[in-house]
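Subject: Structure handover

Hello,

The structure we discussed is below. My notes on it follow.

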Amino acid sequence: MLLISAIAHSLSQFSFLSPPLLATAEAENAPIVLTGVLLSLVVIYLASKLGAEVSKRLDFPPVLGELVAGVVIGVSALHLVVFPESGMQASDSVIMTVLQWINGLTPAALTSIFQSQSEVISVLAELGVIILLFEIGLESDLRQLKEVGYQATIVACVGVAVPFAAGTVGLMMLFHVPAIPAIFAGAALTATSIGITSKVLSELGRLKSKEGQIIVGAAVIDDVLGIIVLAVVANLAKTGEVDIANVIYLIVSATAFLIGSILLGGIFNKTFTAIVDKLKTRGNIVIPAFIFAFFMAFLGNAIHLEAILGAFAAGLVLDETDARNELDELVKPIADLLVPIFFVTVGARADLGVLNPAVPENRAGLVIAVFLIAVAIVGKVITGWAVFGQPGINRLAIGVGMIPRGEVGLVFAGIGSASGVIDKPLEAAIIMMVILTTFLAPPFLRVAFGQSEEPPTTGEPSLESATVASEA
């Protein structure tokens, strides 16, 4: 919906689609919107690269540095990259202030430009996470993923059920939170950010390991279960009752989509190879691959699931083709361009101001946050011990890999706040839980795996290095 609204807004800026005037206010501001987007991208790329390099030199996963860099330039510190949905005004943005100084903008025009610029950056971030999940699918081994499928399903179910039950019941019994807000907070505890965990696993050279495949598979299933839970609690917030028909639809469509995507692989692989062989111009491999990836992402959204699930499924399918190795290398530069936007904006949206105990309305949230953080960590760590029949497997690493809530948890908090179901202290507690689990997971995952294998020395792991890591 965000992509559609941004396209519609962009189309409205063309004069031939507007009323018969020489130029509308929006058309006049279009070049300034572009200027704001370009300046924002300069800041985002500088921050992501500096953060990744510093993190790498401190022997942390580079993705952690990108998240921290996002926090520094975002709503918590420098206010260089901020978004209206975070409660920020155009006047709060340093970039908007620069544009106003250069162009002499009115407050109304500045607000319009701020909203348009933020929409474009948000769309680019969404494209970044779609491409990230497509790349992760390409780097995953479908055969191995099938082998751990039942284990991943068990891990995902435990990782959803335990935090949800413990969080909901604990809030009601210990803090006397009403049922519906408690259910909403419990639902926020079920999420797992597949984007952040997968990126860290890839950087550690562990994505193709048995533990890595279980974590990725469980995170995918977690997303499906999380979507169902979110739909249920959102419906509960609106009507006070659960729409059973909608829940059944979500379960059936999610299951059919994932199974159908995997079965499609055997049929699609030969067709894809034949198409690639017939194309003789530049992009003969990568363009058909992205057409397929974006179409699968579209299908995921169209049936009210998630675009990232469709992109991941597309990567799994294309991983079985003969062009896999070449496609891996062609996708990396595109991912390098768009994926950092996603991680930086996740950090930029996180408001660490909710950690300030000097603000009276934050104090109640701090106490609840301690409880939610404990449940969030323990509820996911124990999932590693749900794995059975796998002697010698690193159960702690599996559990830690499921901890980060990332952008998924922020979605729950955002919807709960917009619906008016959760109050400020509970909203602050949920955001704190999301922030801490997101930042703690990468270094904890490094510790859980230990230093028995060195991570790749370059910025991105190659397919061969990942394979060697999994076979060692």
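Threonine 35 sits in helix α2 (residues 25–57); helices here are DSSP runs of H or I with at least four residues, and strands are runs of E with at least two, numbered from the N terminus. With 39% relative accessibility, threonine 35 is partly exposed. The cut-offs: buried is under 20% relative accessible area, exposed is over 50%, and partly exposed lies in between (1.4 Å probe, protein chains only). In sequence, threonine 35 and leucine 99 are 64 residues apart, yet C-alpha to C-alpha they are 8.1 Å apart in space.

Some ground rules. This is a predicted model, in which local features need pLDDT of at least 70 and side-chain atom pairs count only at pLDDT 80 or more, while totals for chains, interfaces and linings use all residues. Residues are numbered from 1 along each chain as its sequence is written, and side-chain values use heavy atoms, with hydrogens and water left out.

Overall picture. The protein chain has 19 helices and zero strands. Of its 472 residues, 54% are buried. Take contacts (heavy atoms within 4.5 Å) with a separation of 6 or more: 77% of them join residues 24 or more positions apart.

Confidence. pLDDT is the predictor's confidence in each residue, from 0 to 100. The chain averages 79, and 83% of the residues score at least 70. By element, mean pLDDT is highest in helix α4 (residues 94–103), at 92, and lowest in helix α19 (residues 463–471), at 39. Residues 1–25 stay under 50, with 22 contacts beyond four places in sequence in the model. Residues 451–472 are also below 50, with 35 contacts beyond near neighbours in sequence.

The core. The largest nonpolar core has 139 residues. Such a core is a set of buried Ala, Val, Leu, Ile, Met, Phe, Trp, Tyr and Cys residues joined through side-chain atoms within 4.5 Å. Helix α18 gives the most to this core, with 14 residues. Among the residues with the most contacts inside the core are Leu171, Ile430 and Met433. Leucine 171 touches, among others, Ala182, Ala185 and Leu426, leaving aside residues up to four places away in sequence.

Helices α8 (residues 179–188) and α18 (residues 424–449) pack at about 10 degrees, axes 10 Å apart. They are therefore roughly parallel (angles under 35 degrees). Pro181, Ala185 and Ala188 of α8 meet Leu426, Ile430 and Met433 of α18.

Best wishes

Terms used:
Axes fitted to C-alpha atoms, helices over the stretch in contact; angles between N-to-C directions. Parallel < 35°, antiparallel > 145°, perpendicular 65-115°, else oblique.
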